[in-house]
Amino acid sequence: MTTVRQRRAGKGTEAAEDQPSEEKNVKPDGKILSDHTGGKLWNILSISVGGIVALSLGLLTSVYVATLHENDLWFSNIKEVEREISFRTECGLYYSYYKQMIQAASIQQGLHGLVYDNKTESVRTINILERMNVYQEVLLSILYRILPIQQYLEPVYFYIYTLFGLQAVYVIALYVTSWLLSGTWLSGLLAACWYITNRTDTTRVEFTIPLRENWALPFFAVQIAAITYLLRTHLQPVQERLTFTAVFIATFLFSLTWQFNQFMMLIQALALFILDCFDMLPTVKVTWLYIIQISALLLVCVLQFFNSMILGSLLISFNASVLIARTIQKNLKKGGLLNRLGKLILHVLLVLCLTLLINKFIKKSLNLESDEHIFKFLKAKFGFGATRDFDANLYLCEEAFGLLPLNTFSRLSDTLLFYVYIFVLFLMTVAAVIVAFQNLSGSNQVQFMEKMEEYTITLKPDAAYNLIHTVLFGCLALSTMRMKYLWTSHMCVFASFGLCSTEVWKLILKCIHLYTSQRTHAIKYSILIITLLYISYKFWPGIMDELSELREFYDPDTVELMNWIKSSTPNTAVFAGSMQLLAGVKLCTGRTLTNHPHYEDKNLRERTKQIYQIYAKRSPEDVYRILRSFGTDYVILEDSICYERRHSRGCRLRDLLDIANGHIMDGLGENEPDLKPSLYPRFCEEIKKNLPPYTIHFTRVFQNKTFHVYKLAKHK
């Protein structure tokens with residue numbers, strides 16, 4: 001089991017140029033810049049300073065997470081095998097393809113090895129570029145080979161520094177989004193500070209470096225920043241075209257680097273759909289955003305050799321359905337309140353039915369089943385019936401796919417982020433509901449509009465989009481903990497925007513009849529400065545302590561196993577075991593695997609369930625027959641799985657296998673009535689007794705405190 005241990009000694013005042021408001025040329029002290037040239041110079045100075053601060057914060061964040069990674073593992077001092085083992089589970093699998101491309105005799109041979117891969121899944125040849133999102137590894141390996149850096153930088157450092165560099169892009173994108181929304185770069189400064197001080201809940205890049213989300217989320221943040229700018233009013237045609245291009249590029253890169261892109265963009269499409277229905281976004285821009293999403297996803301589909309999971313995605317079906325429904329219902333946004341509501345309900349039902357029909361037709365036509373495990377998981381998770389499906393239960397029992405823990409909110413509250421977020425969210429939601437009602441009712445009364453003037457902020461499309469975005473991704477994070485990083489980073493943006501927005505404070509002060517321009521700016525900047533001082537005072541010492549804490553990677557059992565495999569088994573040997581461990585086996589030794597952690601393939605899921613019978617109550621003959629059917633030469637058994645205590649009864653891997661096989665689970669507790677005792681003991685326990693029924697098929701060839709490796713006999 002991989003652990004870390006203590007290291008041993010030895011070895012503002014600004015307004016954005018494009019953000020119109022009646023206080024555009026007001027300084028914090030209330031002095032009016034009457035001279036037009038002076039105002040332009042002030043804006044240029046403000047943008048220059050804000051840009052420098054953004055770049056500085058991005059670079060500092062990159063250095064910060066890189067330092068934490070080094071301090072936690074002593075990465076620069078440990079052996080290559082230890083570095084590779086530190087890329088846990090699927091991270092190791094993805095990095096192995098980068099290593100494979102680096103070690104290939106040529107770029108062409110490396111690409112051929114990926115397109116015709118027969119080492120990732122034994123007795124099968126698969127196309128890695130089709131099955132997995134590894135184009136980033138391919139591009140990095142090519143850059144490393146052609147750039148003159150081999151003498152100065154090891155391949156692994158080129159890889160991890162690229163990921164840490166993307167954190168700079170991530171923070172800058174969050175900073176810019178907050179700046180665009182509020183009109184002040186100080187808002188971006190606060191967003192970046194909150195992102196850093198809430199690092200535990202905003203990113204996990206320093207210990208899961210190659211994970212797909214660490215590649216994708218920076219591009220997603222850039223896309224959100226571009227959409228925020230696109231939804232501003234009074235953009236010139238050239239500005240719109242350039243921004244649409246930026247949105248497309250960011251959407252494409254996001255889609256190319258993460259297999260779950262379609263689900264995230266579906267939520268984004270839902271946000272656009274909701275706002276368009278309530279007439280809070282320009283319809284033309286929304287239409288182009290739908291088209292950009294489809295185009296980016298189809299381009300990725302082509303690059304991934306027409307990956308069937310992309311073609312059958314709900315996103316393509318939903319966006320196509322919206323465009324078709326809008327063509328059918330041309331007068332959707334005309335009429336009174338009741339008329340509009342009736343049309344809206346009909347429109348939603350039409351889009352929903354079309355989405356299901358189109359998606360069903362595509363999946364039936366192409367015989368797609370790649371993502372069925374996700375829908376089984378969702379069905380069971382939200383209480384639509386219990387399931388004995390092994391794959392669905394495997395997800396349900398993982399903490400990462402459970403509900404967001406309550407202690408997350410206490411951590412976010414320590415930095416004041418959650419309190420500010422809830423305050424801003426409440427104000428914006430109430431105002432947005434009122435404006436949506438106004439839009440549906442089609443009221444043009446001057447008196448009503450004058451009363452609504454204080455809610456102008458919610459009429460801005462960019463603010464409205466970010467409101468619905470944070471609500472929908474908040475719901476996703478609350479239901480699935482692993483997705484919290486999509487929400488918490490945007491939470492920093494949304495909270496800082498509300499705290500630093502002139503319009504928000506203007507709204508509040510008008511409600512209590514205390515509004516003046518000077519008072520608005522005084523309160524806004526005072527609270528901002530107090531918040532920044534509080535964060536600095538409370539968290540700066542902790543950050544310094546964290547940076548000074550030195551630890552060391554320590555996993556001698558896994559290192560011993562990998563060294564034994566490299567030195568004592570043939571290069572063509574096929575290994576079976578847990579998905580997580582086998583990813584490390586491929587990276588560290590280059591041996592062929594029976595299964596791996598990239599779970600988005602039905603055949604692989606069925607194969608993994610069969611391989612995992614080594615932890616079930618099955619006869620040695622059955623297990624041997626299953627393993628040999630996949631060409632297995634060696635099987636690795638892990639005590640941490642066989643005698644698992646991390647999960648409670650019913651969620652241990654051996655329990656999931658027992659339930660799927662119709663067997664009673666071990667230990668005290670209830671069992672479902674139709675479960676029956678197995679005729680055989682648990683294989684992973686019984687094989688260690690070296691009884692004749694087992695030794696005839698399996699010979700133990702390696703053992704330490706954690707792992708037991710058995711060689712399979714080759715019977716004629």
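**View 1. Asn-261 and its polar contacts.** A polar atom of the Asn-261 side chain lies 2.4 Å from the backbone oxygen of Trp-258. The side chain of Asn-261 also reaches the backbone oxygen of Ser-255, at 2.8 Å. A polar contact here is a pair of N or O atoms within 3.5 Å; within protein, one must be able to donate a hydrogen and the other to accept it, and residues adjacent in sequence count only if both atoms are side-chain atoms. This is a predicted model: local features need pLDDT of at least 70, side-chain atom pairs count only at pLDDT 80 or more, and totals for chains, interfaces and linings use all residues. Residues are numbered from 1 along each chain as its sequence is written, and side-chain values use heavy atoms, with hydrogens and water left out.

Asn-261 is found in helix α12 (residues 261–277). Helices (H or I, at least four residues) and strands (E, at least two) are DSSP runs, numbered from the N terminus. Asn-261 is buried, with a relative accessible area of 3%. Buried means under 20% relative accessible area, exposed over 50%, and partly exposed in between (1.4 Å probe, protein chains only). Not counting residues up to four places away in sequence, Asn-261 touches Asn-133, Phe-254, Ser-255 and Leu-297. Contact means heavy atoms within 4.5 Å.

**View 2. Ser-526 in helix α26.** Helix α26 spans residues 517–548 and holds Ser-526. Ser-526 is partly exposed, at 38% relative accessible area. Its side chain reaches the backbone oxygen of Ala-522 at 2.5 Å. The C-alpha atoms of Ser-526 and Lys-360 are separated by 56 Å. Along the chain, these two residues are 166 residues apart.

**View 3. Helix α28, mostly covered.** In α28 (residues 579–589), ten of the eleven residues are buried. Among them are Met-579, Leu-581, Lys-586 and Thr-589. Gly-590 follows α28, and its phi is positive, near 75°.

**View 4. Helices α7 and α24.** The axes of α7 (residues 155–182) and α24 (residues 484–500) come within 8 Å and cross at roughly 35°. Axes are lines fitted to C-alpha atoms, for helices over the stretch in contact, and angles run from 0 to 180 degrees between N-to-C directions. Residues that meet include Tyr-170 and Leu-174 in α7, and Tyr-485 and Val-493 in α24.

**View 5. The whole protein.** The protein has 34 helices and seven strands. Its C-alpha atoms fill a box of roughly 95 × 65 × 55 Å, taken along the principal axes. Buried residues make up 56% of the 716 residues.
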